[in-house]
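Dear colleague,

My notes on what was found in it follow directly after.

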Amino acid sequence: MLANLHPYFIAAIGGILIGLASWLLWWGLGRIAGVSSITAEVLSAPGNPDTWRWAFLAGLIVGGCLLGQGLEIPSLPTRPLSLLIPAGLLVGFGTVWGSGCTSGHGVCGLGRMSLRSLVAVLTFMAAGMITVTLMRGAA
Amino acid sequence: MSTSPLANANLSPSPHRAGRLGLAFSAGLVFAAGLVLSGMTQPLKVLGFLDITAVTQGPFPGLWDPTLAFVMGGAVCVTLLAFAWTQRMTQTPVFANAFHAPAVSQIDWPLVGGAALFGVGWGLAGYCPGPALAAALLSVDALIFTAAMLVGMLICKSFLRQN
């Protein structure tokens, strides 16, 4: 069924699910579904008795694993450590320092009409685009 | 996961423990479903979006892949409506005593500097935190990135604690 739909339409449906999941956490728990903030919080206080963060991350990881197997993801050969490690360090450091990522600032922050989040989104989008352009030039 | 959830049951600040955990787990599942369905767990789709100069290669959108814009557009349409509706219709969350809106509103250097560093890392590998975690058990590529990301988060946390 999905195969007959335009890929952009499927992408928008996926986006709607992400928006609904973010709203669910706000409506139910009064919490922002910011993946970087939630992850950093469980890392720095793993024994916090309010375990909703662990439950959210478990859903995300288990869901990604089960559903990702069903869809045929074009297999990506593992890229060099010299690329993956600096990239991961930058994403981890930057999202904690900037208080959010694509979900917290992007999906939730823009939905809450936060100017702070809009500035963050425009900044990381621009930085990502410049990086890809420079990498393309270097390749 | 270093402590048993049962051992902490009596310390829980909320009376709605089962509801909270069930809802948070479900939200994580639906979030993952959205990421997988929209292709965002595939870093090449994300890099194809960030490769904005490819838009000049041929008739619009050229070799540029606008998929991520549709994902973000769909998600933000829902949150714009749903957050406004929630603010209007409900006083407290279903399973909590209060809404925890971010308290900070000023635009400062940590915000812009952090977002810029994040953007560079995002542009290098094509993973942001959500998709990286959702793909971590399926690909070694995502797993290595995720491990480095967790280290980066810890480094920043300790850096912030010292200052």
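Which pattern does chain B follow when read along the sequence? Chain B reads α-α-α-α-α-α, with 6 helices and 0 strands as its secondary structure; helices (H or I, at least four residues) and strands (E, at least two) are DSSP runs, numbered from the N terminus. Chain B is more spread out than a compact globule, because its radius of gyration is 19 Å, well over the 15 Å that the globule rule gives for 163 residues. That radius is taken over C-alpha atoms, and the rule is 2.2 Å times the number of residues to the power 0.38.

Please note that this is a predicted model, in which local features need pLDDT of at least 70 and side-chain atom pairs count only at pLDDT 80 or more, while totals for chains, interfaces and linings use all residues. Residues are numbered from 1 along each chain as its sequence is written, and chains are lettered from A and ligands numbered from 1 in the order in which they are written.

Along the principal axes, the C-alpha atoms of chain B fill a box of roughly 60 × 40 × 35 Å.

As to the interface, 99 residues of chain A are in contact with 105 residues of chain B (C-beta atoms, placed from the backbone, within 7 Å). On the side of chain A that touches chain B, the largest share, 22 residues, comes from α1(A). In chain B itself, 41% of the contacts with a separation of 6 or more are between residues 24 or more positions apart.

With kind regards

Technical notes
Two residues are in contact if their C-beta atoms, placed from the backbone, lie within 7 Å.
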